[in-house]
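Trainee: I have a chain open on my screen and would like to go through it with you, region by region. Please start wherever you like.

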Amino acid sequence: MTQVQCSVDTCSYNKDHNCYMNPIKVGGKGAPDENDTCCGSFLSQRGYSNLAEYTSSRGAADTVACDVNSCKFNNNCRCQKDAIEVNGTRDTIYYTETNCGSYENVN
């Protein structure tokens, strides 16, 4: 189980810096560094309101589907790290403006 902390305040699934989308998807297949990864599950509150209000009753995210082949924590498209952090700016609107702050290159 992977705990997901989220610093993207504009994400619909963010509640008190915890992610309430389960599972989340981290993208960036051949990413050479964390800036080329993204949270593929990000949905902006501008278009989707506060979905965590409805999904938090199911519990915080504990599964991360990961297609970042270059990350050392990716094992068979699942993140094996105990906890990850999803980052973005205060004004994040698009999923491409997010990244996995826990990414570490396998090399």
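**A loop residue, then the fold**

Mentor: T63 is partly exposed, with a relative accessible area of 24%, where buried means under 20%, exposed over 50% and partly exposed in between (1.4 Å probe, protein chains only). This is a predicted model, in which local features need pLDDT of at least 70 and side-chain atom pairs count only at pLDDT 80 or more, while totals for chains, interfaces and linings use all residues. Residues are numbered from 1 along each chain as its sequence is written, and side-chain values use heavy atoms, with hydrogens and water left out.

Trainee: OK, and where is the place of T63, and which residues is it in contact with?

Mentor: T63 sits in the loop between α2 (52-55) and β6, with helices (H or I, at least four residues) and strands (E, at least two) taken as DSSP runs numbered from the N terminus. Setting aside neighbours within four places in sequence, T63 is in contact (heavy atoms within 4.5 Å) with T2, N22, P23, I24 and R78.

Trainee: Zooming out, what does the secondary structure of the protein come to?

Mentor: There are two helices and ten strands, and along the sequence they follow the pattern β-β-β-β-β-α-α-β-β-β-β-β. The radius of gyration, taken over C-alpha atoms, is 13 Å, close to the 13 Å that the globule rule gives for 107 residues, so the protein is as compact as a globular protein of that length; the rule is 2.2 Å times the number of residues to the power 0.38. Of the 107 residues, 40% count as buried, and among contacts between residues at least 6 apart in sequence, 68% join residues at least 24 apart.

Trainee: Which residues have the most contacts inside the largest nonpolar core?

Mentor: They are V4, I24, V26, V64, V68, I84 and V86, in a core of 22 residues. A nonpolar core here is a set of buried Ala, Val, Leu, Ile, Met, Phe, Trp, Tyr and Cys residues joined through side-chain atoms within 4.5 Å. The elements that give two or more residues to this core are β1 (3-6), β4 (24-27), β6 (64-66) and β9 (83-87).

Trainee: And how do β1 and β9 run?

Mentor: They run parallel and are joined by four bridges, with V4 having I84 as its bridge partner in β9; two strands pair if DSSP finds at least two bridges between them.

Trainee: Which strands does β4 pair with?

Mentor: β4 runs parallel to β6, with three bridges between them, and I24 stands opposite V64 there. β4 also pairs with strand β5 (residues 38-39) in the antiparallel sense over two bridges, where V26 stands opposite C39. Beyond four places in sequence, V26 touches residues including T37, V64, V68, I84 and C100.

Trainee: Changing topic, how many salt bridges does the structure hold?

Mentor: It holds one, a salt bridge being a side-chain nitrogen of Lys or Arg within 4 Å of a carboxyl oxygen of Asp or Glu. The side chains of E104 and K72 meet in it at 3.1 Å, N to O. E104 lies in the segment after β10 (99-100) and K72 in the loop between β6 and β7 (74-75), so the pair ties together parts that are 32 residues apart in sequence. E104 is partly exposed at 33% relative accessibility, and K72 is partly exposed at 45%.

Trainee: Last one: is S12 buried or exposed?

Mentor: S12 counts as buried, at 0% relative accessibility, and is found in the loop between β1 and β2 (14-15). The side chain of S12 reaches the backbone oxygen of S49 at 2.7 Å and the backbone nitrogen of Q45 at 3.5 Å.

Conventions. A polar contact is a pair of N or O atoms within 3.5 Å; within protein, one must be able to donate a hydrogen and the other to accept it, and residues adjacent in sequence count only if both atoms are side-chain atoms.
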